[in-house]
Amino acid sequence: MRLKLTLISLNNEFSRPNKHAVQGFIYHMLKGTEYGERHDQPKFKFFTFSDFFLDREGRPTFIVSSPERGFINALHSTIKERESIHIGKNEYQVAELRKFRLPLRKAFQTGSPVVIYRNASKNEYFKLHAHRDLRFFLDRLKENAEKKYNAFYGEELSLEGPLFDRMIPKVRQNGKIDVYVKVVKNGVPFPVIGSNWELLEKERIKPEERKFYRFLMDVGLGEKNSLGFGFVNPIWR
């Protein structure tokens, strides 16, 4: 399930908020709800959010996604009661607040970079340009997806075959694929490295796999989902 927020900046100029500030806004909105302790729970958070984009009227917009209907409902209920909201130091009026679901497709594109650790103990991110190992990337992506699914549903799913059969990355103007996102936490900046994809396609999603891919569509791909990474949208093909 998804929650779309379209905003009007009350500080005149809009600048894309730091992802840690957006994450903090979401946790703040969940205080006093049954999801108020989600931030402190040592497990997957089961939500993600997109990068900011401008809607047709040029208004800053982003989408929160989660496989938990109650999570989105709690967020929606809190935000709709506010005359304005704060994300970081900026104040916004909420111009549109809408809950919705999207149908499952066999193809997806990213709405924020997909992040995979090469070595989590050393906080080392996988970089396609530097490490040149698509197999590693795909294996880790699949392993992470299965762990999240099994933790959420209490099952022991092991997907047969690759997570995706066809993948087309978004190539930057400098010819590279990796994107470096500066995240600022408690005043300290640090980079998170990931990649965006024009196409992530599964040739055929079997009926028994639909629950898994629907979950993945809503929870996000890869690591650091709750910090706004790995957001995906289904697309027609």
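**Note on charged pairs and the nonpolar core**

1. R69 is partly exposed, its relative accessible area being 48%. This is a predicted model.

2. E201 is buried, because its relative accessible area is 4% and the limit is under 20%. R166, at 37% relative accessibility, is partly exposed.

3. Within helix α4, K147 and E143 are 4 residues apart, about one turn of the helix. Their salt bridge has its closest N and O atoms 3.5 Å apart. K147 is partly exposed at 47% relative accessibility, and E143 is partly exposed with a relative accessible area of 37%.

4. E124 and R118 form a salt bridge through their side chains, at 3.2 Å from N to O. Relative accessibility is 25% for E124, which counts as partly exposed. R118 is also partly exposed, at 39%.

5. A network of salt bridges connects K4, E96 and R98.

6. The largest nonpolar core comprises 27 residues, and L163, F164, Y213 and L221 have the most contacts inside it. Two or more residues come from each of α4 (134-153), β13 (197-201) and α5 (210-219). The largest share is that of α5, with 6 residues.

Technical notes. Residues are numbered from 1 along each chain as its sequence is written. This is a predicted model: local features need pLDDT of at least 70, side-chain atom pairs count only at pLDDT 80 or more; totals for chains, interfaces and linings use all residues. Side-chain values use heavy atoms; hydrogens and water are left out. Buried means under 20% relative accessible area, exposed over 50%, partly exposed in between (1.4 Å probe, protein chains only). A nonpolar core is a set of buried Ala, Val, Leu, Ile, Met, Phe, Trp, Tyr and Cys residues joined through side-chain atoms within 4.5 Å. A salt bridge is a side-chain nitrogen of Lys or Arg within 4 Å of a carboxyl oxygen of Asp or Glu.
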